[in-house]
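This briefing is intended to be read beside the sequence and the coordinates.

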4 protein chains.
Amino acid sequence: MKEKPNVTVWNEFRHEKTDEKVQQVYPHGIHNTIADFLKTAGFPTRTATLDEPEHGLTDAVLDETDVLIWWGHMAHDEVKDSIVDRVQKRILEGMGLIVLHSGHYSKIFRRMMGTTCNLRWREIGEKERVWTVANGHPIARGVGRFFEIPHAEMYGEFFDIPEPDVLVFVSWFAGGDIFRSGCCWQRGFGRVFYFSPGHETYPIYKDPNVQQVIINACDWAAEHEKPEIAFGQVPEPLENIDGRQ
Amino acid sequence: MKEKPNVTVWNEFRHEKTDEKVQQVYPHGIHNTIADFLKTAGFPTRTATLDEPEHGLTDAVLDETDVLIWWGHMAHDEVKDSIVDRVQKRILEGMGLIVLHSGHYSKIFRRMMGTTCNLRWREIGEKERVWTVANGHPIARGVGRFFEIPHAEMYGEFFDIPEPDVLVFVSWFAGGDIFRSGCCWQRGFGRVFYFSPGHETYPIYKDPNVQQVIINACDWAAEHEKPEIAFGQVPEPLENIDGRQ
Amino acid sequence: MKEKPNVTVWNEFRHEKTDEKVQQVYPHGIHNTIADFLKTAGFPTRTATLDEPEHGLTDAVLDETDVLIWWGHMAHDEVKDSIVDRVQKRILEGMGLIVLHSGHYSKIFRRMMGTTCNLRWREIGEKERVWTVANGHPIARGVGRFFEIPHAEMYGEFFDIPEPDVLVFVSWFAGGDIFRSGCCWQRGFGRVFYFSPGHETYPIYKDPNVQQVIINACDWAAEHEKPEIAFGQVPEPLENIDGRQ
Amino acid sequence: MKEKPNVTVWNEFRHEKTDEKVQQVYPHGIHNTIADFLKTAGFPTRTATLDEPEHGLTDAVLDETDVLIWWGHMAHDEVKDSIVDRVQKRILEGMGLIVLHSGHYSKIFRRMMGTTCNLRWREIGEKERVWTVANGHPIARGVGRFFEIPHAEMYGEFFDIPEPDVLVFVSWFAGGDIFRSGCCWQRGFGRVFYFSPGHETYPIYKDPNVQQVIINACDWAAEHEKPEIAFGQVPEPLENIDGRQ
């Protein structure tokens with residue numbers, strides 16, 4: 001039987017220390033809420049946060065991580081470039097990356113995409129309806145034709161990302177916007193998934209459908225084959241058959 | 001200066017003969033309304049309809065057509081397979097195809113896609129807001145970040161099409177749905193664009209933004225290179241350099 | 001543990017009855033050679049052939065088939081359109097389809113693609129080297145950076161197919177050609193894989209790497225989610241929230 | 001008539017100063033050889049090199065550049081990050097980028113791709129045959145089904161790039177390799193094309209077919225629509241219709 005992949009949930013973990021409203025929703029931090037439902041679902045899960053040494057993302061931690069979940073919001077700039085380099089390298093070697101909500105503006109997501117990752121937003125607590133548009137994609141397993149989030153922060157187009165390999169979800173917002181809210185990309189040997197629902201004061205990560213999507217995404221993002229032969233800019237050892245000048 | 005491509009607007013032209021409500025909106029048929037604004041925009045344009053001999057799509061007509069626009073609704077099954085074969089052949093050789101609204105269920109569109117092209121619908125005259133999601137795509141020229149259609153028939157997901165090469169528009173509907181409303185594909189040497197806004201009793205083809213999109217799509221769909229060498233299942237004339245047994 | 005999907009191997013089974021050279025390589029038919037290694041790999045496998053009633057592809061057989069493998073060459077036109085309709089319907093509902101070699105010109109493959117599926121070919125028994133170009137794709141598992149087929153029929157570009165969702169393999173031929181030899185597409189809820197290596201007189205389906213690819217493809221093509229809600233052109237049962245005229 | 005876009009050809013311009021063999025082939029630098037044939041083709045063209053102030057890529061130069069061509073090899077690391085930031089910003093706003101040969105390993109290309117852009121190589125002067133695999137793509141205009149380069153440096157797979165939006169060329173090498181040698185991507189409002197043929201000691205940029213591809217690519221890369229409305233992470237000015245809590 002296929003083992004469940006090892007997940008590391010990263011959180012900048014700042015709001016939860018200073019903002020009472022956030023503390024009420026996520027008293028132990030968003031990372032622990034996410035880690036809890038992943039553990040329940042059978043994933044060996046650990047957490048890491050910005051203020052730990054090396055942001056909690058040491059080589060040892062990354063070596064044991066199959067899927068990294070990323071949540072950040074107000075302190076993107078405090079993430080050290082050297083750690084971003086390290087995380088990017090691991091993704092290209094095969095680690096999955098799941099970027100949540102305001103993580104769209106994190107250094108690591110912008111690094112993987114090559115674009116600004118800008119978008120528009122509005123925060124009035126409007127209804128979000130998340131529609132599945134990808135034919136039977138594993139990330140959409142169990143959430144039906146659509147699901148609803150009663151109060152959400154609106155994220156709207158134009159979302160400056162490379163065209164997704166597969167567009168899984170598109171969100172409808174009561175205020176008149178749509179958003180490509182679930183997007184898949186392959187980068188190197190790693191898989192990247194962006195999922196926009198989520199917020200620090202709405203209890204979105206306690207929503208069963210949102211949890212199901214993140215669980216599905218962990219399974220999906222870990223499903224890669226290890227490269228069998230190291231690739232790189234090295235002289236070619238193949239016998240040259242017919243290419244003599 | 002680049003010449004404007006020749007456009008043929010095909011319409012099954014049945015509603016307009018029998019339904020008074022449709023006659024009021026399109027007294028000369030939807031095809032003529034579309035042809036008129038295309039002519040004004042500088043495209044040499046002709047029309048063709050279901051009840052003409054060979055549905056108006058003779059070899060001679062298709063040979064002179066760079067872009068074919070397709071509107072059908074209630075009589076898809078009356079289109080002869082032999083004509084569908086002929087149109088498909090011309091598309092694969094380089095003719096552009098623009099499929100409008102209920103044309104999603106036409107034989108030619110389902111032939112080009114390989115899927116059912118099913119979707120969901122609701123007709124309550126709700127508002128549609130068409131959002132541009134493709135980065136500076138030529139089909140979105142001049143319509144801004146989004147545009148609105150005050151009263152539209154809703155088309156909703158799941159829309160059973162191959163993942164578009166480029167997704168240009170996604171529509172928001174007041175009733176709670178989203179739809180991939182502008183989709184591009186390459187097939188053979190031809191370009192295919194599906195555009196969902198349109199209806200037989202709402203005056204959508206008189207809307208300046210809708211007209212602009214169709215004009216842009218005609219320019220885009222005609223932009224292919226002629227194949228320089230016929231391709232096909234023929235013996236290979238290349239000298240065999242190194243492949244001797 | 002995930003169960004192995006049910007595979008049906010379809011063969012037009014004509015060469016093997018009439019051509020002594022083919023009989024020597026595949027005395028029981030190509031379908032049985034393929035079925036044998038799939039059974040060994042743990043797949044519940046059956047076969048079906050052109051001359052059986054309904055070409056062996058009754059509703060009952062297709063209902064129990066998760067992945068259909070297709071081999072045809074000289075009798076594509078004898079496959080009945082009604083059976084092609086039936087197979088297409090099952091694919092769009094979720095059955096996987098693996099098309100081998102000269103099956104590129106079968107009715108079912110051309111139906112799924114919407115294009116001519118033409119290509120060029122040359123038969124001089126030259127060497128084929130199959131390169132993996134897709135980052136860690138499951139279909140490339142276990143075959144390394146490339147593998148070689150000592151004597152193959154050349155298939156060359158231009159190959160008239162829709163741009164693959166993922167291009168897994170590109171073949172190099174000693175005679176000077178390249179070919180997109182492993183291509184993936186999603187169609188409806190089904191997955192389609194085309195794999196060009198294979199021939200009726202070279203023992204290519206006895207090659208361990210070719211077998212590995214077909215085994216991998218069976219696993220991959222069966223990995224879809226069942227649609228949870230029937231889709232189609234039906235009235236929309238959702239409550240209309242905000243869309244009243 | 002559509003005006004020809006302004007092109008800037010960037011070259012690190014180091015080989016040509018120190019290596020006699022390179023000087024013989026490109027006495028005025030690779031950039032000037034490229035600029036010369038572009039001027040002849042009607043493009044207003046300038047050049048810029050590494051050792052100029054700001055690498056010749058001031059804001060003023062970039063503001064007037066519609067398409068930037070990039071050639072670098074031995075001094076990628078000397079390109080300042082601040083200039084890479086500036087170039088990336090301009091691409092995302094709509095400037096085209098054409099990256100040639102060893103530019104695959106430049107900071108700007110790796111920045112746009114998000115991957116290592118690693119590949120394999122072999123330098124024995126073998127024959128390269130460049131095959132067109134994209135249906136009637138404008139970049140393949142005029143070069144036929146394939147063209148040959150008599151002596152080339154081999155670039156081989158696995159090439160660590162995101163799956164191209166469109167794969168235009170695949171190269172065959174006499175020594176047994178294939179390579180995705182012409183690849184298109186959209187990033188923000190800009191278009192990116194990578195083209196691998198080229199070398200500092202083989203006279204590849206004097207080859208008429210190679211020149212034709214670069215000319216085509218300049219036309220293609222300049223074809224974007226200016227964003228009509230600034231996008232970004234700003235409050236949403238839309239009237240909120242139905243989203244009240």
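Is α7(B) mostly covered or mostly uncovered? In this predicted model, α7(B) is mostly covered, with 11 of its 14 residues buried.

**Helix α7 of chain B**
- The buried residues of α7(B) include Val210(B), Val213(B), Ile214(B), Ala217(B), Cys218(B) and Trp220(B).
- The N-terminal end of α7(B) is capped by Asp207(B), a side-chain oxygen of which lies 2.8 Å from the backbone nitrogen of Asn209(B).
- At 1.5 Å a residue, the 14 residues of α7(B) (208-221) should span 20 Å, which agrees with the 20 Å between the end C-alpha atoms.

**The sheet of chain D**
- An open sheet of 9 strands with mixed pairing has the order β2-β1-β3-β4-β9-β8-β7-β5-β6 in chain D.
- Its edge strands are β2 (45-49) and β6 (146-156) of chain D, each of which pairs on one side only.
- Neighbouring strands of this sheet are turned by 25° against each other on average, direction ignored.
- Helix α7 (208-221) of chain D packs on the sheet and touches several strands, including β1, β6 and β9 of chain D; its direction makes about 165° with that of β9(D).
- Strand β5 (120-132) of chain D pairs with β6(D) in the antiparallel sense over 8 bridges, and Trp131(D) has Phe146(D) as its bridge partner.

**Strand pairing in chain C**
- Strands β5(C) and β6(C) run antiparallel and are joined by 8 bridges; the bridge partner of Trp131(C) is Phe146(C).
- Strand β5(C) is also joined to β7(C) by 5 bridges, again antiparallel, with Thr132(C) opposite Phe169(C).

**Salt bridges**
- Over all chains, the structure holds 68 salt bridges.
- Lys17(D) and Asp51(D) form a salt bridge with the closest N and O atoms 3.2 Å apart. Lys17(D) lies in helix α1 and Asp51(D) in the loop between β2 and α4 of chain D, so the pair ties together parts that are 34 residues apart in sequence.
- Lys127(D) forms a salt bridge with Glu148(D) at 3.3 Å between the closest N and O atoms; the residues lie in strands β5 and β6 of chain D respectively.
- Arg141(D) and Asp219(D) form a salt bridge, their closest N and O atoms being 3.7 Å apart. The pair links a loop and helix α7 of chain D, 78 residues apart.
- Arg141(D) is partly exposed at 29% relative accessibility, whereas Asp219(D) is buried at 18%.
- In chain A, a network of salt bridges links Arg14(A), Lys17(A), Asp51(A) and Glu78(A).

Key. Residues are numbered from 1 along each chain as its sequence is written. Chains are lettered from A and ligands numbered from 1 in the order in which they are written. This is a predicted model: local features need pLDDT of at least 70, side-chain atom pairs count only at pLDDT 80 or more; totals for chains, interfaces and linings use all residues. Side-chain values use heavy atoms; hydrogens and water are left out. Two strands pair if DSSP finds at least two bridges between them. Helices (H or I, at least four residues) and strands (E, at least two) are DSSP runs, numbered from the N terminus. Axes are lines fitted to C-alpha atoms, for helices over the stretch in contact, and angles run from 0 to 180 degrees between N-to-C directions. Contact means heavy atoms within 4.5 Å. The expected span of a helix is 1.5 Å times one less than its number of residues. Buried means under 20% relative accessible area, exposed over 50%, partly exposed in between (1.4 Å probe, protein chains only). A polar contact is a pair of N or O atoms within 3.5 Å; within protein, one must be able to donate a hydrogen and the other to accept it, and residues adjacent in sequence count only if both atoms are side-chain atoms. A salt bridge is a side-chain nitrogen of Lys or Arg within 4 Å of a carboxyl oxygen of Asp or Glu.
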